[in-house]
Amino acid sequence: MTAAAVAADPLLSRLAAIVGERHVLREASDMAAYLAEPRDLFHGQARCVVRPGSTAEVAAILKLCAETDTPVVPQGGNTGLVGGQIPGQAVPGKEARKDEVVLSLKRMDKVRETDQASMTMTVEAGLTLLAVQEAAEKAGALFPLSLAAEGSCTIGGNLSTNAGGTAVLAYGNARDLVTGLEVVLADGRVLSNLSKLKKDNTGYDLKHLFMGSEGTLGIITAAVVKLYPRPREMHTAFIGLNSPHEALKLLNLAQSLAGADVKTFELMSRFCLDIVVNHGEGTRDPLAGKHAWYVLLELGSQIEGGEAALMNVLEQGMELGLIEDAVVAASLDQRADFWKLRELLSELQKFEGGSIKHDVSVPVAKVPQFIDEAGPAVEAFMPGARPVPFGHLGDGNIHYNVTQPVGMDKQAYLDRWYEMNAVVHGIVTRLNGSISAEHGIGTLKRDLLPTVKDPVALEVMRTLKKALDPQGILNPGKVL
C-alpha cells in the first residue's frame, strides 16, 4: 500500500491501523486474485482488500465500515461458482460499485480446539476444508464434508453457502455439521455462540440464519463442527447401467441392504466419462464395455463385513437386471482412480467448449423423470447441444451442465445462458425442485430468485436483511 494511495483514500490508513499495512492491498496486481472467480464469468473491482487475522480485527473493520457507510464483500477461498464473493457487481437499477472492500478471511486459519469427548472441533473460518479434514483425521475422527475444491475452499465459505458435496447422502449438508457459530454482525458486534450442545431449545436457533446467507447477514468467523467416527472399512464400486431409472432402483436396493453404510451414490452419463477419459491425464475407463450411465457407489462400515455387503448389493443388482457390469476397487490407488473420474469432470468440461451450468435438485424419486425430460427440451431449444448430467443421485442434486454444439462459437453459445436456464429451470420448477442445490444464489441467480421463490418467503428474507444489515453494507447486490 503506497503513501499516495493512503493520501487519496484515508480509509486505508484506518484499516491499516487495525490489521497492519501489509494486510491492506490496494495495487491492482495485488488485488487481481481476489477480483475474479474460477469460471471467469465475473470480474470485479474493489477499493481495497483487507486481510484480518482475528475476530477482533473483523469486528473493528465492520464497525469502521458501518461508521463510514462502506460496503464489505466477505471472501474465503474464492472458489464460489455464482459470483457471490466478487465485489463490484451491478445492483439492479444502479451502476456497479467501485467502493467495496473485500474482506478476506484466509489468515484466520486456526483450529482453536478439538474436543474428542463431545466429538466436536472449533475452527476458524479461513481454514481450508482439506485442513479441517486433516485435523479431524489427526484426532482419529472424520469431518465428512467433501468437495472437489476442498484444497482451496474454506470452511467459512462452505458454511456461508451451505455447501453439499459427495457425502450429503450419509451426513447431510454443511448446516447439518455445525453445533455453533461465531459471527460478526454488520455493526461490528460479535454474536458468540460456539456451542457444542446437541440439545439447546432456548429460542431461535440463530446459527441457521447465517449458514446459507452468503455473507449478507453477518460474517462467520468461527464454527464448532461435528466429528464422526472414521469408517473402519471403505469399499468402492464403479458400475455401468442402462439409465437413471435403473440407478434409482439400485440406490433403493443398496439402502435396503446396507442402510446407513451407503456413503456415496454418484451418477454420471457416458458423455461425462468420455470427457474425463479423453482429457484427463492418467485416466481410463474402468469397465470393458461402454454403458449409457455409471454409478460410483461407496459403502463405509464400522464393523467387518463391508466388502460382503457391497458384493451382496452388486449380485442382487445384477440378478434384478439393474447392473450391466461393475468393478470393485481392489486397492486405495484404484479407489482414487474411480474418484478421479468423478472429481475431474467439472474442471475438464472446458476442453469440449462453452458450458452452461445448472446446479439443481428435484425430489430423489423424480431424478430420472427430470433427466428424461431435460434432454429433449435442450435439444429442441438448441440442436446439437450436449447435456453433461452428473451428481449426487442420493440427495436429488444433479449438475445438469450443457456443453455447446460442436463447431459453434463459444461466446455465441454462452450468450444464450439465461435462455437455456429457462428451459432447464422450467422443468425443475414443475417437478417441485430448486434452481440452486448447493452453490448458492450470489449474482448469477439473483435475478432468477423472484421467479421461483414464494413471495412471502422473499418478503421475510428482505425483512431479515433490513433488520441485521440496515445500511445494506454486507455483500450488497448478492442473493436479494
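**Ground rules.** For my neighbour lists, I counted two residues as in contact when heavy atoms lie within 4.5 Å. The model is a predicted one, and I kept that in mind throughout.

**Lys-207.** Leaving aside neighbours within four places in sequence, I found Lys-207 in contact with Val-178, Thr-179, Gly-180 and Leu-181. I placed Lys-207 in helix α8, which covers residues 207–210. Is Lys-207 buried or exposed? Its relative accessibility is 12%, so Lys-207 counts as buried, the limit being under 20%. I also looked for a polar partner of the side chain, and noted a polar contact with the side chain of Asp-205 at 2.8 Å.

**Whole chain.** I then stepped back to the overall fold. I noted 18 helices and 19 strands in the chain. The radius of gyration is 23 Å, close to the 23 Å that the globule rule gives for 480 residues, so I wrote the chain down as being as compact as a globular protein of that length. The C-alpha trace spans about 75 × 55 × 45 Å along its principal axes. Of the 480 residues, 53% count as buried. I also looked up the contacts with a separation of 6 or more, and 74% of them are between residues 24 or more positions apart.

**Aromatic pairs.** How many aromatic pairs does a search of the whole structure find? I got four. The one I followed up joins Phe-238 and Phe-338, with 5.8 Å from centre to centre and 40° between the planes, which I logged as tilted. Phe-238 lies in strand β12 (residues 233–241) and Phe-338 in helix α12 (residues 332–343), so this pair ties together parts that are 100 residues apart in sequence. I checked burial, and both Phe-238 and Phe-338 are buried.

**Helix α12.** I first checked the length: at 1.5 Å a residue, the twelve residues of α12 should span 16 Å, and the end C-alpha atoms are 16 Å apart, which agrees. Which residues of α12 are buried? I listed Phe-338, Trp-339, Leu-341 and Arg-342. They cover an arc of only 145° around the axis, which puts them on the same side of α12. Leu-332 and Asp-333 are exposed, on the other side of α12. A reminder to myself: an α-helix has 3.6 residues a turn, so residues three or four places apart point the same way.

**Helix α2.** I repeated the exercise on α2 (residues 10–19), where Leu-11, Leu-12, Leu-15, Ala-16 and Val-19 are buried. Their arc around the axis is only 140°, which puts them on the same side of α2. I found Pro-10 and Ala-17 exposed on the other side of α2. After α2 comes Gly-20, whose phi is positive, near 95°.

Most residues other than glycine have a negative phi. I noted Asp-40, which is not a glycine and has a positive phi near 65°. Asp-40 lies in the loop between α3 (28–31) and β2 (48–50), and at 49% relative accessibility Asp-40 counts as partly exposed. I noted Asn-432 as well, with a positive phi of about 60° although Asn-432 is not a glycine. Asn-432 sits in the loop between α16 and α17 (449–452). Is Asn-432 buried or exposed? At 60% relative accessibility, I counted Asn-432 as exposed.

**Trp-417.** My last stop was in helix α16 (residues 417–430), the place of Trp-417. Trp-417 has a relative accessible area of 7% and is buried. Which residues is Trp-417 in contact with, leaving aside neighbours within four places in sequence? I wrote down Leu-41, Ser-355, Ile-356, Lys-357 and Leu-444.

Note on methods. Residues numbered from 1 in each chain as written. Predicted model: local features only at pLDDT ≥ 70, side-chain atom pairs only at ≥ 80, totals over all residues. Heavy atoms only, no water. Phe/Tyr/Trp six-rings, centres within 6.5 Å; stacked < 30°, edge-to-face > 60°. Helix = DSSP H or I, 4+ residues; strand = E, 2+ residues; numbered from the N terminus. Buried < 20%, exposed > 50% of the residue type's maximum accessible area, 1.4 Å probe, protein only. Polar contact = N/O pair within 3.5 Å; in protein donor to acceptor, adjacent residues only side chain to side chain. Expected span 1.5 Å × (residues − 1). Arc of directions from axis to C-beta. Rg over C-alpha atoms; globule rule 2.2 N^0.38 Å.
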